[in-house]
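Have the picture open as you read.

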Amino acid sequence: QVQLVESGGGLVQAGGSLRLSCAVSGRTFIRYDMGWFRQAPGREREFVADISWSGSVIDYPDSVKGRFTISRDNAKNTVYLQMNSLKPEDTAIYYCAAKYGGSVGSYDYWGQGTQVTVSS
């Protein structure tokens, strides 16, 4: 009923940029809060960014702050992650996630992920 599809991953050199997109379909009238997470082999899932439905609340961990920017276009049912100054340690599968706006629980829906590989 709710599907999230990530795109935009790929191979990039250190210092380069990528923009990830996450398209939401089904029940798009719901005011989802959106987030990005990543997971590298042998490592735990890591929070990357999130944004409230209105865009008024945005958070990043220190590992990406100043380099990554999350944004959304609710008219297009799409959330973006602009990644600049990429580092090899950013290499991971990046997942988009959604939860009901204003909720305090965990995310309700997840995409299949898109691979980001940063070469040194």
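Q: Why is tyrosine 100 called partly exposed?
A: This is a predicted model, and in it tyrosine 100 has a relative accessible area of 35%. Buried means under 20% and exposed means over 50%, so tyrosine 100, at 35%, counts as partly exposed.

Q: What makes the aromatic pair of tyrosine 100 and tyrosine 109 edge-to-face?
A: Their planes stand at 75°, and planes over 60 degrees apart count as edge-to-face. The centres lie 6.4 Å apart, and a pair needs them within 6.5 Å.

Q: Why does tyrosine 109 count as partly exposed?
A: Its relative accessible area is 23%. Buried would need a value under 20%, so tyrosine 109 is partly exposed.

Q: How many aromatic pairs does the structure hold?
A: There are seven.

Q: Why is the pair of phenylalanine 37 and tryptophan 110 called tilted?
A: The planes meet at 50°. Under 30 degrees would be stacked and over 60 edge-to-face, so this pair is tilted. It links strand β4, which holds phenylalanine 37, with strand β10, which holds tryptophan 110, 73 residues apart.

Q: How do you know whether phenylalanine 37 is buried or exposed?
A: Its relative accessible area is 10%. That is under 20%, the cut-off for buried, so phenylalanine 37 is buried.

Q: What makes arginine 45 count as lying over the face of phenylalanine 37?
A: Arginine 45 is 5.4 Å from the ring centre, and the distance has to be within 6 Å. The angle to the ring normal must also be within 35 degrees.

Technical notes
Residues numbered from 1 in each chain as written. Predicted model: local features only at pLDDT ≥ 70, side-chain atom pairs only at ≥ 80, totals over all residues. Heavy atoms only, no water. Phe/Tyr/Trp six-rings, centres within 6.5 Å; stacked < 30°, edge-to-face > 60°. Helix = DSSP H or I, 4+ residues; strand = E, 2+ residues; numbered from the N terminus. Buried < 20%, exposed > 50% of the residue type's maximum accessible area, 1.4 Å probe, protein only.
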